[in-house]
Amino acid sequence: MGVSQSPRSAQVIDLATARQRQQAQKSLVRLAPELDGLEMVYQLAGSPDAFYGMPILAWGLREDGNVVGLVPWMETLTACQEVNSQENGYFIGYRDPETEEIFDSPPDHKYYELTAAADYFEYEASGEVTLIQQLPDTLGTHALCMNHPNAPWHIKPVYGWRLYSDGSVDALLADEQKATMTPILLGDTCLYCARAHHQSVYFFQRHIANRILEEDPATLEALAMMVIPEE
């Protein structure tokens, strides 16, 4: 018996295009700082009975209308829900340290704040990547910067974050030799984008950065395992 042929032509699914559209929906369009001390709660595979808290830097509104908490994590400003690594931790939820409540979704007031701001500051899309927003870093985040695996690395404080029209976010560091005033603030000409000047950048909380600067042996050993590629 022959197999009947459908008169309808088969659809060709462009997986690359589908992935691009899906990624575009996750692009950030607006940021709002976290100023009330809310935290991300995460768990380490090696400590299944313990939970850890990390202050949230900001909240982000995505193209698809969802709101996510954002933390400086490893090599980028990361959505809390995307912290999902056996080596570095799993996202559990958000926490209000004042009430000790743990919740799964971002608070409603941040959704209203972000959507209202996005409507007010609505921009016209263009072919060029443009600066949308700048936020100061309020957590004392530091960046470990490397330009070559065998070159010296540097620890530099992060002064702020920039959101661009393509949804990318970059950290602002300072060239101290060009600083003319203190404290260094957003808009100062001594600031530059981390990704444009450094081949590799890793972000750390303030207390971890200070352990690195103090050359704490255990911290340096963990750092070497994380950032130095295996031969």
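In what sense do strand 11 and strand 12 (residues 154–157) pair, and over how many bridges? They pair in the antiparallel sense, over four bridges. Two strands pair if DSSP finds at least two bridges between them.

This is a predicted model: local features need pLDDT of at least 70, side-chain atom pairs count only at pLDDT 80 or more, and totals for chains, interfaces and linings use all residues. Residues are numbered from 1 along each chain as its sequence is written, and side-chain values use heavy atoms, with hydrogens and water left out.

**Confidence.** pLDDT is the predictor's confidence in each residue, from 0 to 100. The chain averages 86, and 84% of the residues score at least 70. Over residues 17–21 the pLDDT is below 50. Beyond near neighbours in sequence, that stretch has zero contacts (heavy atoms within 4.5 Å) in the model.

**Strand pairs.** Strands are DSSP runs (E, at least two residues), numbered from the N terminus.

| Strands | Sense | Bridges |
|---|---|---|
| Strand 2 and strand 3 | antiparallel | five bridges |
| Strand 11 and strand 12 | antiparallel | four bridges |
| Strand 11 and strand 16 | antiparallel | five bridges |

Strand 2 (residues 39–44) and strand 3 (residues 47–55) form a hairpin with two residues between them. Leu 44 has Ser 47 as its bridge partner in strand 3.

**Strand 11.** Strand 11 spans residues 142–146, and five of its five residues are buried. Buried means under 20% relative accessible area, with a 1.4 Å probe and protein chains only. His 142, Leu 144 and Met 146 point one way; Ala 143 and Cys 145 point the other way. Leu 144 stands opposite Ile 155 in strand 12. His 142 has Phe 204 as its bridge partner in strand 16.

Methods: Buried means under 20% relative accessible area, exposed over 50%, partly exposed in between (1.4 Å probe, protein chains only).
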